[in-house]
Amino acid sequence: MPLSGNEATVWALLLPFAAAALGPVLTHRLKHNAAWILAVFPAFIFIHFLSYVPMVAAGQTFTVSYEWIPTFGITFSFYIDGLSTLFALLVSGIGTLVVLYAGGYLKGHTQQGIFFTYLLLFMGAMLGVVTADNMITLFVYWELTSITSFLLIGFDHLRTASRRSALQALVVTGAGGMALLAGFLLVYLASGTWQMSELLTNPDVLRSSSLYLPIFILICLGAFTKSAQFPFHFWLPNAMEAPTPVSAYLHSATMVKAGVYLLMRMQPVMGGTEIWMTVLPFFGGLTLVIGTYLGLRQTDLKLILAYTTVASLGLLVMLTGSSSPHAIQGAVLYLFAHSLFKGGLFMAAGTVDHEAGTRDIRKLGGLRHAMPITFSATVLAALSMAGLPPLFGFVAKEVLYDGLWHAHSGGIFWAFTGVVGNSMMFALAAIVAIKPFLGPKVETPKHAHEGPLMLYAGPVVLSVAGLIAGLFVASTGEWLVNPMTSAIAGHSVTKELHLIPAHINAALFLSLLTIALGSTLFYFSDQLRSFVDRTLKIIGWGPDKGFDQFINATVRLSAFVTRTVQTGDMVMYMRAAFIALIFTLYTPMIITGSWPSLSQFELVTLTEAGIIAVALVGLYAVLTAKNRVTAMVSLGISGFSVAVIYLLFGAPDLSFTQFMVETLSVVILALVMTRLNLQPSDSRSVASKLLDSSLATLTGLGFALTLMSVTQQPFDASLSEFFTAFSRTIAHGRNIVNVILVDFRGFDTIGEISVVMVTGLCVLALIRVRPVSSKNNEETTTQIKQEAKS
Amino acid sequence: MNTVIFRTVAPFLTALMTLFSIFVLLRGHNEPGGGFIGGLIAVSAFAIYGIAYGVAGVRRALHVHPMSIAASGLLLAVASVLPSLFLGQPTMTSQWLEFSLFGTHIALSTPMFFDIGVYLVVVGAITSIALSLEERESD
């Protein structure tokens, strides 16, 4: 068994959240050294998942499940197999190093504690994504990664660029998340289960379903937005606004792979179809080529790495889409290798930035003597990225070329795409490793020297891990790669891996071709950069710009809608409300023909007639009043007569309330009038007076007719009988109205008093708004627009 | 309106009406009345005081911001819903405590506290609206 059973796994998965809560407290006390303590948490999780490795390698899987919403069959459950184990190891292992790195990188930053919190929250979310069994559990964690990513990208929230990038990432991945939820709902409809583990035992249920196409599209949208596939790739390079630990962790090694994870998870149940094997390799291949091509233009170390991440994700999607066990093994190897070398390279780039003061390759050079440890780690990681022996990346590249070459359809074409992308990747790896460190020493903004242990521990451990995984690739394959490949392929895969190719094959030639092409590209890298720049200037438009246009259009649309709907003209509001009322009152009577019959009316008594006469006098006074205040007070006459009628018909509570409401509304209306600079008398034109009076008459008549037809229906007295019978016995009260309000229907009353409370707050806020501040509002809006434009 | 007679009578009227509003509130369970009506009466009482002595006078007399009264009322109403949870009954099941004090039969219950909550919300929210409408920048 793993360390003290499966329950321990749940605790391990919740551990990052506990650590997140501790972050600010520890940082307050220990400053940046809190990282040493906080790193213990992910390290423990790493060890915990390590204990699963032997059993998972033997083909075992584990589930643990808690009831969450039993009515809908939704559980809080986790599933551990080869795929989730390797992912969990990467998330927790790299997470440990990143926490340490963040300790050094943000040393002295006033917000370092909260940064740890975000980072650890993200870690918890990401671990949840890769181990979730229930699709709703997965979705919740998935969204949590988007939100924590938003917080981390926007960490430096005082800068406009940070805020824009954070919002962009949230909008793109959030929209994808919505698509994913819809996709999961359809999966449930098609299969009848929320559990991934159950879905895997019945692999053909989705492929044979009529919902396959919509499910495929929705899942792809979710995965492509998260994993930055073309045309959604633009948010990832922009996310480099985040501090480097975030780039190293979220936007290269872990979060952006969530989309790839999802595709790999669904591969056994959705893969192998014509559309899967066309769409995925197409978009993956396109992303690979576009990502590396755009990367060639960059001079910022982090941006170069970001574009190669986009490209690598494309490569992974392409491989997953081929659905052949061999290509999938290549995908697993590459994913593993990529997490190691890219995490290391990002951290190294951050260290260079931190110590030398710039990340621009044109302003860096000859740092090898000043930063020997960082230099060695970078070279080791870059060699893995370039796919050179004896590093892990080399094995990955061999296997993936072999897999692509032997793909079911269009193997040569996909292999060729891979070579084009990989050779550009080779050139970029060379740029990252060579430009800042070799060549003549360049004067940097800061006097460069080696960073502290916290800064170089991450790059060194990760790049050395890449070397070890490569040297002992047979063991890596047996314990980690093959279990994961089996989980993705849907059946057991036990192909041995060798560092030295066993025989000369196509893959070896493709590798040599890649190296030759890549070296040439590196040699001409400066010319290439200006060439790529020129082509992009000719195109002139990209999805990144499109995003701004989309956001601006939304702002303009909402401004337009607001201007149209909220004219600020009170008379128009009242007319709209009355017309809506008229529709609601008359439509049912017209459609069902249930007009009240007028013959059933009993004659009113003399008292009642007298009260009605008083009400009519009030009405007459309202209509003929010379000024508004008189009209309001006269309206009170009608109101009081109505209250008297209530009293006559045995509703003292209602009547009582009516009296109070009438009194207070006159008082409040009078107060409102004094605030508005209205003319004392009504100055509407004859035409609008006619319109308004007919609207008012229609509404009043509608209410009367509705009430009449309601009272003419046979009366079901069971509720009143219930209240009469039980008000005394159950609720200990003789006043049924009050008992209903505070006991039988007390929950409604809670809602009502909350509304009263909120109304009070709103009125308070509205009265505080002065004409001056509306001008301020406009200023803020234009400011936001300007920021969005820039 | 601001006559000597009115200014002299207003405090007494306000006090009486407030007292009456509490009476109406408490008797509500068995006779016509209750938190909502009681609250409205209390608001009228404050309105009268306001007409006589101005908004500042009412605010001084209330000590706290009317919105705080409303908020504490909402809190009380929601809190009165909870005790049944601890007894394993559905939320809002009413709890009664009946006892005799100096020969008077006293019945304390969660619905009573709920009704007091309603009363406070109505008093607070509507007084707040009325006062803020009446208030001028010059005040």
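Let me start with one pair of side chains: Arg159(A) and Asp156(A) meet in a salt bridge, 3.0 Å from N to O. Keep in mind that this is a predicted model. Arg159(A) has 35% relative accessibility, so it counts as partly exposed. Asp156(A), with a relative accessible area of 34%, is partly exposed too.

Next, Arg362(A) and Asp360(A). They form a salt bridge whose closest N and O atoms are 2.9 Å apart. Are the two partners buried or exposed? Arg362(A) is exposed, at 56% relative accessibility, whereas Asp360(A) is buried, at 13%.

A further salt bridge joins Arg529(A) to Asp526(A), with 3.4 Å from N to O. Both sit in helix α23 of chain A, residues 525-539, and because they are three residues apart there, about one helical turn separates them. Here the arginine, Arg529(A), is buried at 11% relative accessibility, and Asp526(A) is partly exposed at 44%. Back to the pair I began with: salt bridges with shared partners link Asp156(A), Arg159(A) and Glu241(A) into one network. Over all chains, the structure holds 16 salt bridges.

Now the nonpolar side. In soluble globular proteins, nonpolar side chains tend to be buried together. The largest nonpolar core in this model has 190 residues, and Trp235(A), Met266(A) and Met270(A) have the most contacts inside it. Helix α16 of chain A, residues 325-356, supplies the largest share of this core, 17 residues. Apart from this core lies another, of 36 residues, including Ile37(B) and Val122(B).

Last, what does Met270(A) touch, leaving out residues up to four places away in sequence? Its contacts include Leu206(A), Arg207(A), Tyr212(A), Phe216(A) and Trp276(A).

Definitions and conventions: Residues numbered from 1 in each chain as written. Chains lettered and ligands numbered in written order. Predicted model: local features only at pLDDT ≥ 70, side-chain atom pairs only at ≥ 80, totals over all residues. Heavy atoms only, no water. Core = buried A, V, L, I, M, F, W, Y, C linked by side-chain atoms within 4.5 Å. Buried < 20%, exposed > 50% of the residue type's maximum accessible area, 1.4 Å probe, protein only. Helix = DSSP H or I, 4+ residues; strand = E, 2+ residues; numbered from the N terminus. Contact = heavy atoms within 4.5 Å. Salt bridge = Lys/Arg side-chain N within 4 Å of Asp/Glu carboxyl O.
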